[in-house]
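This report describes the architecture of the chains and the contacts between them. The account starts with a pair of helices and then turns to sheets and interfaces.

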Amino acid sequence: MSIRQINPEEHNKNVSDVNHVKEVIILVVSIFALMIMLYWSSIFALDSIVDKLSTEREAQLMKMIGASSKIKKMNKADTSKDNPKLNRAKELLSEMVELSDLKGREFEVVVIPGDDINAFAIPGDTILLVEELLEKVESENELAMVLGHELGHFHHRHHLKGMGRRLVMGFFSMMVFGDDNPISKLFLGGLDYTDRKFNQQQESDCDLYGANLVAKKYAHLGGGLRFFEKLGEKEGMLEKYFSTHPLSKDRIKRIETEAFKNNWELTGELIPLGLPKDSASSSL
Amino acid sequence: MEQLIIAVTLLILGYGFGTYYENRHYKSILRRERGMSKKPAVNMKQLPLEGREILSSKLAIGSTVVSVDYFKRFLAGLKMIFGGRLTSYESLLDRARREAILRMKADAKNADIFLNVRIETSSISKGQGDKSVGSIEAVAYGTAVKFKDTI
Amino acid sequence: MEVSNLETIPGKNIIEYIGLVSGSTVRAKHIGRDIMAGFKNIIGGELKGYSELLQESRNEAMERMVAQAQELGANAILNVRFSTSSVAQGAAELYVYGTAVRID
(Lines give C-alpha, C1' and ligand atoms only; values in the text may rest on other atoms or scores of the structure.)
Protein backbone atom coordinates (compact mmCIF):
# COMPACT_ATOMS: atom_id res chain seq x y z
CA MET A 1 0.00 0.00 0.00
CA SER A 2 1.29 3.44 -0.77
CA ILE A 3 0.08 7.02 -0.71
CA ARG A 4 0.71 9.11 -3.77
CA GLN A 5 2.11 12.55 -3.21
CA ILE A 6 0.17 14.68 -5.63
CA ASN A 7 -2.36 17.45 -5.49
CA PRO A 8 -5.65 15.98 -6.69
CA GLU A 9 -7.43 19.32 -6.61
CA GLU A 10 -5.45 20.56 -9.58
CA HIS A 11 -7.40 18.15 -11.71
CA ASN A 12 -10.82 19.03 -10.45
CA LYS A 13 -13.67 19.60 -12.87
CA ASN A 14 -15.98 21.52 -10.64
CA VAL A 15 -15.81 24.86 -12.40
CA SER A 16 -17.14 25.08 -15.95
CA ASP A 17 -15.06 27.05 -18.36
CA VAL A 18 -17.54 29.61 -19.67
CA ASN A 19 -17.47 33.30 -20.46
CA HIS A 20 -19.80 34.91 -17.96
CA VAL A 21 -20.08 38.23 -19.76
CA LYS A 22 -21.21 36.51 -22.94
CA GLU A 23 -23.70 34.48 -20.98
CA VAL A 24 -25.16 37.58 -19.35
CA ILE A 25 -25.57 39.36 -22.66
CA ILE A 26 -27.29 36.42 -24.31
CA LEU A 27 -29.59 35.93 -21.33
CA VAL A 28 -30.53 39.60 -21.01
CA VAL A 29 -31.32 39.92 -24.70
CA SER A 30 -33.39 36.78 -24.83
CA ILE A 31 -35.28 37.65 -21.66
CA PHE A 32 -36.09 41.07 -23.04
CA ALA A 33 -37.33 39.67 -26.31
CA LEU A 34 -39.38 37.03 -24.58
CA MET A 35 -40.92 39.36 -22.03
CA ILE A 36 -41.80 42.06 -24.49
CA MET A 37 -43.38 39.51 -26.78
CA LEU A 38 -45.37 38.02 -23.92
CA TYR A 39 -46.34 41.43 -22.62
CA TRP A 40 -47.55 42.72 -25.95
CA SER A 41 -49.42 39.60 -26.86
CA SER A 42 -51.28 39.61 -23.55
CA ILE A 43 -52.02 43.33 -23.93
CA PHE A 44 -53.23 42.73 -27.46
CA ALA A 45 -55.48 39.89 -26.30
CA LEU A 46 -56.88 41.99 -23.46
CA ASP A 47 -57.55 44.94 -25.74
CA SER A 48 -59.41 42.88 -28.26
CA ILE A 49 -61.51 41.36 -25.50
CA VAL A 50 -62.34 44.82 -24.21
CA ASP A 51 -63.30 45.94 -27.70
CA LYS A 52 -65.69 43.03 -28.09
CA LEU A 53 -67.52 43.63 -24.80
CA SER A 54 -71.13 44.71 -25.02
CA THR A 55 -72.10 48.08 -23.65
CA GLU A 56 -73.97 46.54 -20.71
CA ARG A 57 -70.99 44.38 -19.86
CA GLU A 58 -68.75 47.40 -19.98
CA ALA A 59 -71.00 49.33 -17.63
CA GLN A 60 -71.07 46.34 -15.30
CA LEU A 61 -67.30 46.06 -15.30
CA MET A 62 -66.80 49.75 -14.69
CA LYS A 63 -69.13 49.51 -11.75
CA MET A 64 -67.18 46.56 -10.38
CA ILE A 65 -63.96 48.43 -10.68
CA GLY A 66 -65.48 51.18 -8.63
CA ALA A 67 -66.24 53.97 -11.06
CA SER A 68 -68.66 55.32 -8.51
CA SER A 69 -71.21 58.05 -8.77
CA LYS A 70 -69.29 60.08 -6.20
CA ILE A 71 -68.12 62.57 -8.78
CA LYS A 72 -71.60 62.95 -10.16
CA LYS A 73 -72.82 63.97 -6.73
CA MET A 74 -69.99 66.41 -6.40
CA ASN A 75 -71.07 67.86 -9.70
CA LYS A 76 -74.65 68.34 -8.59
CA ALA A 77 -73.47 70.62 -5.82
CA ASP A 78 -71.18 72.38 -8.22
CA THR A 79 -73.80 73.42 -10.78
CA SER A 80 -75.42 75.82 -8.35
CA LYS A 81 -72.42 78.00 -9.11
CA ASP A 82 -73.82 79.36 -12.32
CA ASN A 83 -71.30 79.22 -15.09
CA PRO A 84 -72.70 79.91 -18.56
CA LYS A 85 -69.74 78.34 -20.28
CA LEU A 86 -70.09 75.16 -18.26
CA ASN A 87 -73.80 75.01 -18.95
CA ARG A 88 -73.12 75.44 -22.63
CA ALA A 89 -70.48 72.69 -22.46
CA LYS A 90 -73.05 70.35 -20.92
CA GLU A 91 -75.57 71.07 -23.63
CA LEU A 92 -72.94 70.69 -26.29
CA LEU A 93 -71.83 67.38 -24.84
CA SER A 94 -75.30 65.90 -24.87
CA GLU A 95 -75.77 67.09 -28.45
CA MET A 96 -72.53 65.40 -29.45
CA VAL A 97 -73.35 62.20 -27.61
CA GLU A 98 -76.55 62.05 -29.64
CA LEU A 99 -74.48 62.16 -32.81
CA SER A 100 -72.06 59.47 -31.67
CA ASP A 101 -72.24 55.74 -31.06
CA LEU A 102 -72.33 56.44 -27.33
CA LYS A 103 -75.95 57.51 -27.74
CA GLY A 104 -78.10 56.77 -24.72
CA ARG A 105 -75.35 57.10 -22.15
CA GLU A 106 -75.38 59.94 -19.70
CA PHE A 107 -72.21 61.95 -19.44
CA GLU A 108 -71.31 64.52 -16.85
CA VAL A 109 -69.07 67.55 -17.09
CA VAL A 110 -67.23 68.80 -14.02
CA VAL A 111 -64.97 71.82 -13.77
CA ILE A 112 -61.88 71.42 -11.64
CA PRO A 113 -59.55 74.19 -10.53
CA GLY A 114 -56.14 74.39 -12.18
CA ASP A 115 -54.08 76.57 -14.48
CA ASP A 116 -53.13 74.28 -17.35
CA ILE A 117 -55.14 73.73 -20.50
CA ASN A 118 -56.31 70.19 -19.96
CA ALA A 119 -59.28 67.89 -19.78
CA PHE A 120 -59.70 64.34 -18.51
CA ALA A 121 -62.04 61.48 -19.16
CA ILE A 122 -62.51 59.54 -15.95
CA PRO A 123 -64.31 56.28 -15.26
CA GLY A 124 -67.97 56.76 -14.50
CA ASP A 125 -68.85 58.62 -17.71
CA THR A 126 -67.47 61.89 -16.44
CA ILE A 127 -65.37 64.51 -18.20
CA LEU A 128 -63.27 66.88 -16.14
CA LEU A 129 -62.47 70.28 -17.61
CA VAL A 130 -59.74 72.38 -16.04
CA GLU A 131 -60.87 75.93 -15.31
CA GLU A 132 -58.12 77.40 -17.42
CA LEU A 133 -59.32 75.47 -20.46
CA LEU A 134 -62.83 76.87 -20.19
CA GLU A 135 -61.28 80.29 -19.80
CA LYS A 136 -59.12 80.01 -22.91
CA VAL A 137 -61.69 78.40 -25.19
CA GLU A 138 -62.98 80.97 -27.66
CA SER A 139 -65.55 79.22 -29.75
CA GLU A 140 -68.00 76.40 -29.50
CA ASN A 141 -66.08 74.55 -32.16
CA GLU A 142 -62.97 74.43 -29.99
CA LEU A 143 -64.92 73.15 -27.03
CA ALA A 144 -66.57 70.53 -29.24
CA MET A 145 -63.15 69.26 -30.30
CA VAL A 146 -62.08 68.87 -26.67
CA LEU A 147 -65.28 67.10 -25.69
CA GLY A 148 -65.12 64.93 -28.79
CA HIS A 149 -61.60 63.90 -27.91
CA GLU A 150 -62.63 62.93 -24.38
CA LEU A 151 -65.64 61.01 -25.73
CA GLY A 152 -63.09 59.14 -27.83
CA HIS A 153 -61.60 57.75 -24.61
CA PHE A 154 -64.99 56.37 -23.66
CA HIS A 155 -65.58 55.02 -27.15
CA HIS A 156 -62.24 53.19 -27.19
CA ARG A 157 -62.73 52.06 -23.58
CA HIS A 158 -59.32 53.31 -22.61
CA HIS A 159 -60.05 53.04 -18.92
CA LEU A 160 -60.63 49.33 -19.07
CA LYS A 161 -57.63 48.90 -21.32
CA GLY A 162 -55.44 50.91 -18.99
CA MET A 163 -56.62 48.79 -16.12
CA GLY A 164 -55.77 45.60 -17.99
CA ARG A 165 -52.36 46.99 -18.82
CA ARG A 166 -51.55 47.75 -15.22
CA LEU A 167 -52.75 44.31 -14.21
CA VAL A 168 -50.53 42.57 -16.74
CA MET A 169 -47.59 44.75 -15.82
CA GLY A 170 -48.01 44.05 -12.12
CA PHE A 171 -48.38 40.36 -12.74
CA PHE A 172 -45.23 40.23 -14.83
CA SER A 173 -42.99 42.12 -12.49
CA MET A 174 -44.26 40.19 -9.48
CA MET A 175 -44.24 36.70 -10.89
CA VAL A 176 -40.98 36.76 -12.72
CA PHE A 177 -38.63 38.93 -10.79
CA GLY A 178 -39.99 40.18 -7.52
CA ASP A 179 -39.71 43.82 -6.68
CA ASP A 180 -36.17 44.25 -5.64
CA ASN A 181 -34.19 43.08 -8.57
CA PRO A 182 -32.07 44.87 -11.14
CA ILE A 183 -33.57 42.77 -13.93
CA SER A 184 -37.09 43.91 -13.19
CA LYS A 185 -35.96 47.53 -12.99
CA LEU A 186 -34.32 47.23 -16.39
CA PHE A 187 -37.35 45.54 -17.84
CA LEU A 188 -39.95 47.86 -16.35
CA GLY A 189 -37.98 50.87 -17.56
CA GLY A 190 -38.18 49.54 -21.10
CA LEU A 191 -41.89 48.87 -20.85
CA ASP A 192 -42.53 52.31 -19.44
CA TYR A 193 -41.10 53.87 -22.58
CA THR A 194 -43.09 51.70 -24.98
CA ASP A 195 -46.18 52.39 -22.92
CA ARG A 196 -45.79 56.12 -23.42
CA LYS A 197 -45.60 55.56 -27.16
CA PHE A 198 -48.73 53.51 -26.92
CA ASN A 199 -50.49 56.23 -24.97
CA GLN A 200 -49.63 58.70 -27.70
CA GLN A 201 -51.26 56.32 -30.14
CA GLN A 202 -54.39 56.25 -27.99
CA GLU A 203 -54.56 60.03 -27.79
CA SER A 204 -54.20 60.27 -31.53
CA ASP A 205 -57.08 57.83 -32.00
CA CYS A 206 -59.22 59.99 -29.75
CA ASP A 207 -58.31 63.06 -31.79
CA LEU A 208 -59.66 61.40 -34.90
CA TYR A 209 -62.80 60.33 -33.09
CA GLY A 210 -63.29 63.89 -31.89
CA ALA A 211 -62.62 65.35 -35.31
CA ASN A 212 -65.15 62.98 -36.80
CA LEU A 213 -67.82 64.14 -34.36
CA VAL A 214 -66.97 67.79 -34.91
CA ALA A 215 -67.19 67.33 -38.67
CA LYS A 216 -70.54 65.62 -38.26
CA LYS A 217 -71.85 68.47 -36.19
CA TYR A 218 -70.48 71.53 -37.96
CA ALA A 219 -69.48 70.11 -41.33
CA HIS A 220 -66.00 71.63 -40.90
CA LEU A 221 -63.08 71.42 -38.49
CA GLY A 222 -62.33 75.12 -38.02
CA GLY A 223 -61.58 76.08 -34.43
CA GLY A 224 -60.74 72.52 -33.48
CA LEU A 225 -57.38 72.76 -35.15
CA ARG A 226 -56.93 76.24 -33.76
CA PHE A 227 -57.15 74.75 -30.29
CA PHE A 228 -54.21 72.42 -30.92
CA GLU A 229 -52.19 75.32 -32.27
CA LYS A 230 -52.78 77.05 -28.97
CA LEU A 231 -51.60 73.97 -27.07
CA GLY A 232 -48.53 73.70 -29.27
CA GLU A 233 -47.16 77.07 -28.35
CA LYS A 234 -45.51 75.78 -25.18
CA GLU A 235 -44.00 72.49 -26.41
CA GLY A 236 -40.36 71.57 -26.90
CA MET A 237 -38.57 68.59 -28.43
CA LEU A 238 -38.37 66.68 -25.17
CA GLU A 239 -42.10 66.14 -25.12
CA LYS A 240 -41.93 64.03 -28.24
CA TYR A 241 -40.32 61.17 -26.34
CA PHE A 242 -41.39 61.65 -22.78
CA SER A 243 -44.93 62.89 -22.95
CA THR A 244 -48.00 60.71 -22.86
CA HIS A 245 -49.56 62.92 -25.55
CA PRO A 246 -48.21 63.42 -29.06
CA LEU A 247 -46.91 66.82 -30.09
CA SER A 248 -49.65 69.20 -31.11
CA LYS A 249 -48.25 69.74 -34.57
CA ASP A 250 -48.23 65.99 -35.15
CA ARG A 251 -51.80 65.81 -33.93
CA ILE A 252 -52.84 68.54 -36.34
CA LYS A 253 -51.03 66.81 -39.16
CA ARG A 254 -52.80 63.55 -38.51
CA ILE A 255 -56.19 65.19 -38.30
CA GLU A 256 -55.51 67.02 -41.55
CA THR A 257 -54.62 63.79 -43.33
CA GLU A 258 -57.82 62.22 -42.07
CA ALA A 259 -59.79 65.30 -43.10
CA PHE A 260 -58.35 65.07 -46.57
CA LYS A 261 -59.44 61.44 -46.83
CA ASN A 262 -62.98 62.21 -45.70
CA ASN A 263 -63.37 65.54 -47.48
CA TRP A 264 -63.86 67.51 -44.29
CA GLU A 265 -63.41 71.26 -44.60
CA LEU A 266 -60.54 72.51 -42.45
CA THR A 267 -61.99 75.98 -41.96
CA GLY A 268 -65.43 77.39 -41.57
CA GLU A 269 -67.58 79.74 -39.64
CA LEU A 270 -66.94 79.68 -35.87
CA ILE A 271 -69.77 79.86 -33.42
CA PRO A 272 -68.89 81.99 -30.41
CA LEU A 273 -69.65 80.53 -27.01
CA GLY A 274 -72.63 81.85 -25.16
CA LEU A 275 -74.85 82.43 -28.20
CA PRO A 276 -78.41 81.25 -27.82
CA LYS A 277 -78.70 77.65 -28.87
CA ASP A 278 -81.21 78.01 -31.72
CA SER A 279 -79.02 80.29 -33.86
CA ALA A 280 -76.04 77.97 -33.41
CA SER A 281 -77.53 74.77 -34.70
CA SER A 282 -76.25 73.74 -38.04
CA SER A 283 -76.04 70.06 -37.43
CA LEU A 284 -76.51 67.55 -40.17
CA MET B 1 -33.75 55.59 -14.15
CA GLU B 2 -31.36 56.29 -11.27
CA GLN B 3 -31.98 52.80 -9.98
CA LEU B 4 -31.00 51.42 -13.33
CA ILE B 5 -27.77 53.39 -13.31
CA ILE B 6 -27.00 52.15 -9.81
CA ALA B 7 -27.69 48.58 -10.85
CA VAL B 8 -25.43 48.82 -13.90
CA THR B 9 -22.65 50.44 -11.88
CA LEU B 10 -22.88 47.69 -9.30
CA LEU B 11 -22.72 45.10 -12.05
CA ILE B 12 -19.57 46.59 -13.54
CA LEU B 13 -17.93 47.04 -10.14
CA GLY B 14 -18.96 43.53 -9.15
CA TYR B 15 -17.53 42.05 -12.31
CA GLY B 16 -14.25 43.96 -12.11
CA PHE B 17 -13.45 43.42 -8.47
CA GLY B 18 -15.05 39.98 -8.34
CA THR B 19 -12.89 38.68 -11.16
CA TYR B 20 -9.78 40.25 -9.73
CA TYR B 21 -10.28 38.78 -6.26
CA GLU B 22 -11.27 35.41 -7.59
CA ASN B 23 -8.14 35.11 -9.70
CA ARG B 24 -6.01 36.17 -6.77
CA HIS B 25 -7.72 33.69 -4.50
CA TYR B 26 -7.24 30.85 -6.97
CA LYS B 27 -3.57 31.64 -7.34
CA SER B 28 -3.09 31.53 -3.60
CA ILE B 29 -5.13 28.33 -3.30
CA LEU B 30 -3.03 26.59 -5.94
CA ARG B 31 0.22 27.74 -4.40
CA ARG B 32 -0.74 26.48 -0.95
CA GLU B 33 -2.17 23.23 -2.30
CA ARG B 34 1.12 22.42 -3.95
CA GLY B 35 2.87 23.12 -0.68
CA MET B 36 0.51 20.80 1.18
CA SER B 37 0.62 17.94 -1.27
CA LYS B 38 2.83 15.90 1.05
CA LYS B 39 -0.06 15.69 3.50
CA PRO B 40 -2.89 13.93 1.73
CA ALA B 41 -6.45 13.97 2.98
CA VAL B 42 -8.66 10.94 2.61
CA ASN B 43 -12.08 10.20 3.96
CA MET B 44 -11.26 6.65 5.03
CA LYS B 45 -11.65 5.83 8.68
CA GLN B 46 -8.59 3.63 8.78
CA LEU B 47 -5.63 2.92 6.60
CA PRO B 48 -3.62 -0.29 6.70
CA LEU B 49 -0.64 1.49 8.10
CA GLU B 50 1.62 -1.56 7.99
CA GLY B 51 3.63 -1.23 11.10
CA ARG B 52 3.98 2.51 11.15
CA GLU B 53 3.39 3.77 14.63
CA ILE B 54 1.12 6.70 15.35
CA LEU B 55 2.70 9.35 17.47
CA SER B 56 -0.31 11.58 17.96
CA SER B 57 -3.66 12.46 16.48
CA LYS B 58 -5.99 15.38 16.81
CA LEU B 59 -9.15 16.81 15.29
CA ALA B 60 -8.34 19.42 12.68
CA ILE B 61 -10.94 21.90 11.52
CA GLY B 62 -10.90 24.55 8.82
CA SER B 63 -13.70 26.78 7.74
CA THR B 64 -14.31 29.82 5.60
CA VAL B 65 -17.13 32.07 4.46
CA VAL B 66 -17.02 33.31 0.88
CA SER B 67 -19.46 35.59 -0.87
CA VAL B 68 -20.28 35.83 -4.55
CA ASP B 69 -20.13 39.18 -6.31
CA TYR B 70 -23.09 41.18 -7.58
CA PHE B 71 -22.44 40.36 -11.20
CA LYS B 72 -22.43 36.61 -10.62
CA ARG B 73 -25.53 36.83 -8.48
CA PHE B 74 -27.23 38.72 -11.28
CA LEU B 75 -26.17 36.10 -13.81
CA ALA B 76 -27.43 33.31 -11.58
CA GLY B 77 -30.73 35.15 -11.18
CA LEU B 78 -31.14 35.29 -14.94
CA LYS B 79 -30.10 31.69 -15.36
CA MET B 80 -32.71 30.56 -12.85
CA ILE B 81 -35.41 31.73 -15.25
CA PHE B 82 -34.30 29.35 -17.98
CA GLY B 83 -32.83 26.66 -15.79
CA GLY B 84 -29.64 24.72 -16.29
CA ARG B 85 -26.21 24.96 -14.78
CA LEU B 86 -25.62 28.01 -12.60
CA THR B 87 -22.01 28.27 -13.65
CA SER B 88 -21.41 31.49 -11.79
CA TYR B 89 -21.87 29.79 -8.43
CA GLU B 90 -19.55 26.91 -9.25
CA SER B 91 -16.36 28.79 -8.61
CA LEU B 92 -17.76 30.13 -5.34
CA LEU B 93 -18.44 26.66 -4.01
CA ASP B 94 -15.17 25.33 -5.33
CA ARG B 95 -13.15 28.11 -3.76
CA ALA B 96 -14.89 27.80 -0.42
CA ARG B 97 -14.35 24.06 -0.15
CA ARG B 98 -10.74 24.11 -1.22
CA GLU B 99 -10.02 26.95 1.15
CA ALA B 100 -11.67 25.03 3.98
CA ILE B 101 -9.56 21.95 3.28
CA LEU B 102 -6.42 24.09 3.16
CA ARG B 103 -7.27 25.66 6.50
CA MET B 104 -7.90 22.27 7.99
CA LYS B 105 -4.48 21.16 6.82
CA ALA B 106 -2.95 24.31 8.20
CA ASP B 107 -4.67 23.62 11.52
CA ALA B 108 -2.41 20.61 12.08
CA LYS B 109 0.89 21.80 10.70
CA ASN B 110 3.02 18.72 11.37
CA ALA B 111 0.47 16.03 10.55
CA ASP B 112 1.34 13.39 7.96
CA ILE B 113 -2.13 12.42 6.86
CA PHE B 114 -5.74 13.43 7.46
CA LEU B 115 -8.23 10.63 7.97
CA ASN B 116 -12.01 10.55 7.77
CA VAL B 117 -12.26 14.02 6.34
CA ARG B 118 -15.78 15.46 6.07
CA ILE B 119 -16.78 18.54 4.17
CA GLU B 120 -19.96 20.43 4.91
CA THR B 121 -21.39 23.59 3.45
CA SER B 122 -24.10 25.85 4.70
CA SER B 123 -25.22 29.29 3.68
CA ILE B 124 -25.32 31.98 6.29
CA SER B 125 -26.71 35.50 6.46
CA LYS B 126 -29.71 34.65 4.36
CA GLY B 127 -31.70 37.84 4.72
CA GLN B 128 -34.80 38.95 2.93
CA GLY B 129 -35.28 38.69 -0.78
CA ASP B 130 -32.41 37.97 -3.11
CA LYS B 131 -30.17 40.48 -1.43
CA SER B 132 -28.02 38.63 1.00
CA VAL B 133 -28.24 35.14 -0.42
CA GLY B 134 -24.99 34.21 -2.04
CA SER B 135 -22.52 33.71 0.75
CA ILE B 136 -21.49 30.26 1.74
CA GLU B 137 -19.69 28.70 4.66
CA ALA B 138 -17.60 25.64 4.02
CA VAL B 139 -16.17 23.61 6.85
CA ALA B 140 -13.78 20.71 6.55
CA TYR B 141 -12.80 18.52 9.47
CA GLY B 142 -10.85 15.34 9.92
CA THR B 143 -8.41 13.53 12.12
CA ALA B 144 -4.83 14.66 11.69
CA VAL B 145 -2.39 11.82 12.29
CA LYS B 146 1.31 12.14 12.98
CA PHE B 147 3.54 9.09 12.46
CA LYS B 148 6.51 8.30 14.59
CA ASP B 149 8.91 8.42 11.71
CA THR B 150 7.82 10.14 8.54
CA ILE B 151 7.69 8.21 5.34
CA MET C 1 -14.54 3.00 -12.32
CA GLU C 2 -15.83 1.44 -9.14
CA VAL C 3 -17.71 3.81 -6.90
CA SER C 4 -18.67 2.63 -3.48
CA ASN C 5 -19.62 4.01 -0.13
CA LEU C 6 -17.78 1.26 1.63
CA GLU C 7 -14.22 1.66 2.78
CA THR C 8 -13.09 -1.35 0.85
CA ILE C 9 -14.22 -3.23 -2.16
CA PRO C 10 -14.88 -6.81 -1.10
CA GLY C 11 -12.38 -9.19 -2.57
CA LYS C 12 -10.05 -6.51 -3.87
CA ASN C 13 -6.84 -5.10 -2.50
CA ILE C 14 -6.05 -1.45 -2.45
CA ILE C 15 -2.66 -0.81 -4.00
CA GLU C 16 -2.45 2.94 -3.77
CA TYR C 17 -4.22 5.81 -2.06
CA ILE C 18 -4.48 8.95 -4.18
CA GLY C 19 -6.53 11.37 -2.11
CA LEU C 20 -9.85 13.20 -1.96
CA VAL C 21 -11.69 13.69 -5.21
CA SER C 22 -14.87 15.71 -5.45
CA GLY C 23 -17.60 16.75 -7.83
CA SER C 24 -19.99 19.59 -7.34
CA THR C 25 -22.73 21.22 -9.33
CA VAL C 26 -25.37 23.93 -9.03
CA ARG C 27 -28.39 23.53 -11.26
CA ALA C 28 -31.83 25.06 -11.52
CA LYS C 29 -35.05 24.31 -13.37
CA HIS C 30 -36.70 26.92 -15.51
CA ILE C 31 -39.19 29.24 -13.92
CA GLY C 32 -42.25 27.41 -15.23
CA ARG C 33 -41.25 24.37 -13.19
CA ASP C 34 -40.84 26.52 -10.11
CA ILE C 35 -44.33 27.92 -10.52
CA MET C 36 -45.79 24.45 -11.09
CA ALA C 37 -44.01 23.20 -7.99
CA GLY C 38 -45.60 26.07 -6.07
CA PHE C 39 -49.05 24.87 -7.13
CA LYS C 40 -48.18 21.27 -6.43
CA ASN C 41 -47.23 22.30 -2.91
CA ILE C 42 -50.89 22.95 -2.22
CA ILE C 43 -52.09 19.47 -3.05
CA GLY C 44 -48.93 17.62 -2.10
CA GLY C 45 -47.37 14.68 -3.91
CA GLU C 46 -44.14 14.18 -5.76
CA LEU C 47 -42.58 17.23 -7.35
CA LYS C 48 -41.48 15.53 -10.56
CA GLY C 49 -39.56 18.54 -11.80
CA TYR C 50 -37.48 18.75 -8.67
CA SER C 51 -36.93 15.01 -8.43
CA GLU C 52 -35.57 15.17 -11.93
CA LEU C 53 -33.45 18.19 -11.08
CA LEU C 54 -31.82 16.50 -8.12
CA GLN C 55 -31.24 13.35 -10.13
CA GLU C 56 -29.56 15.32 -12.89
CA SER C 57 -27.45 17.27 -10.46
CA ARG C 58 -26.34 14.18 -8.61
CA ASN C 59 -25.37 12.50 -11.85
CA GLU C 60 -23.45 15.51 -13.02
CA ALA C 61 -21.59 15.80 -9.72
CA MET C 62 -20.71 12.11 -9.91
CA GLU C 63 -19.48 12.49 -13.46
CA ARG C 64 -17.22 15.31 -12.45
CA MET C 65 -15.82 13.37 -9.54
CA VAL C 66 -15.19 10.32 -11.69
CA ALA C 67 -13.51 12.44 -14.36
CA GLN C 68 -11.15 13.85 -11.78
CA ALA C 69 -10.33 10.41 -10.44
CA GLN C 70 -9.67 9.12 -13.94
CA GLU C 71 -7.25 11.88 -14.66
CA LEU C 72 -5.38 10.95 -11.53
CA GLY C 73 -5.08 7.34 -12.64
CA ALA C 74 -7.47 5.90 -10.05
CA ASN C 75 -9.78 3.00 -10.78
CA ALA C 76 -12.03 3.19 -7.77
CA ILE C 77 -13.55 5.78 -5.45
CA LEU C 78 -14.33 4.63 -1.95
CA ASN C 79 -16.33 5.92 0.95
CA VAL C 80 -18.37 8.23 -1.26
CA ARG C 81 -20.47 10.83 0.54
CA PHE C 82 -23.12 13.17 -0.79
CA SER C 83 -23.79 16.54 0.65
CA THR C 84 -25.79 19.61 -0.31
CA SER C 85 -25.61 23.32 0.24
CA SER C 86 -28.04 26.15 -0.37
CA VAL C 87 -26.57 29.31 -1.78
CA ALA C 88 -29.30 30.01 -4.29
CA GLN C 89 -32.94 29.40 -3.53
CA GLY C 90 -34.62 27.02 -5.91
CA ALA C 91 -31.35 25.56 -7.14
CA ALA C 92 -29.95 22.15 -6.37
CA GLU C 93 -26.39 22.21 -5.16
CA LEU C 94 -24.95 18.74 -4.98
CA TYR C 95 -21.53 17.86 -3.69
CA VAL C 96 -20.05 14.42 -3.72
CA TYR C 97 -16.62 13.36 -2.55
CA GLY C 98 -14.69 10.25 -1.86
CA THR C 99 -11.19 8.79 -1.69
CA ALA C 100 -9.67 7.89 -5.01
CA VAL C 101 -7.66 4.67 -4.90
CA ARG C 102 -6.10 2.14 -7.18
CA ILE C 103 -7.17 -1.47 -6.72
CA ASP C 104 -5.81 -4.61 -8.31
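In this predicted model, helix H1 (residues 20-52) of chain A and helix H2 (residues 70-82) of chain B have axes that come within 10 Å and cross at roughly 45°. Because of that angle, H1(A) counts as oblique to H2(B). The handedness of the crossing of H1(A) and H2(B) is left-handed. On the side of H1(A), the contact is formed by His20(A), Glu23(A), Val24(A), Leu27(A), Val28(A) and Ile31(A). H2(B) contributes Lys72(B), Leu75(B), Leu78(B), Lys79(B) and Ile81(B). By class, the residues of this helix contact are seven nonpolar, one polar and three charged. An α-helix has 3.6 residues a turn, so residues three or four places apart point the same way.

**Chain B**

Chain B contains three helices and four strands, arranged along the sequence in the pattern α-β-α-β-α-β-β. Of its 151 residues, 39% are buried. When contacts between residues at least 6 apart in the sequence of chain B are considered, 83% of them join residues at least 24 apart.

Three strands of chain B form an open sheet in the order E1-E4-E3, with antiparallel pairing. Strand E1 (54-67) and strand E3 (113-122) of chain B are the edge strands, each of which pairs on one side only. Direction ignored, neighbouring strands of the sheet are turned by 10° against each other on average. Eight bridges link E3(B) to strand E4 (residues 135-147) of chain B in the antiparallel sense, and within this pair Ile113(B) stands opposite Val145(B) of E4(B). Helix H3 (residues 87-107) of chain B packs on the sheet and touches E1, E3 and E4 of chain B. The direction of H3(B) makes about 150° with that of E1(B).

**Chain A**

The secondary structure of chain A amounts to twelve helices and four strands. Buried residues account for 26% of the 284 residues in chain A. Among contacts in chain A between residues at least 6 apart in sequence, those that join residues at least 24 apart make up 71%.

Within chain A, strand E3 (residues 119-122) and strand E4 (residues 126-130) run antiparallel and are joined by four bridges. Phe120(A) has Leu128(A) of E4(A) as its bridge partner. Three residues lie between the strands of the hairpin of E3(A) and E4(A), in which Gly124(A) adopts a positive phi near 95°.

**Chain C and its two partners**

Chain C touches both of the other chains. Towards chain A, 18 residues of chain C are in contact with eleven residues of chain A. Strand E2 (14-28) and helix H2 (48-71) of chain C each supply at least two residues of that side, and the largest share, eleven residues, comes from E2(C). The side of chain C that touches chain A comprises ten nonpolar, five polar and three charged residues.

Towards chain B, 28 residues of chain C are in contact with 30 residues of chain B. Here E2, strand E3 (76-85) and strand E4 (91-103) of chain C each provide at least two residues. E2(C) supplies the largest share of the side of chain C that touches chain B, with eight residues. This side is made up of eleven nonpolar, twelve polar and five charged residues.

E2(C) also takes part in strand pairing with chain A and with chain B. The two pairings are set out below.

Helix H1 (residues 31-43) of chain C is hardly covered, since the count of buried residues among its 13 residues is zero. Just after H1(C), Gly44(C) has a positive phi of about 80°.

Key: Residues numbered from 1 in each chain as written. Chains lettered and ligands numbered in written order. Predicted model: local features only at pLDDT ≥ 70, side-chain atom pairs only at ≥ 80, totals over all residues. Buried ≥ 20, exposed ≤ 12 C-beta atoms within 10 Å, placed from the backbone. Contact = placed C-beta atoms within 7 Å. Nonpolar A, V, L, I, M, F, W, Y, C, P; charged D, E, K, R; others polar. Pairing = 2+ DSSP bridges. Axes fitted to C-alpha atoms, helices over the stretch in contact; angles between N-to-C directions. Parallel < 35°, antiparallel > 145°, perpendicular 65-115°, else oblique. Left-handed = near helix turned anticlockwise from the far one by under 90°.
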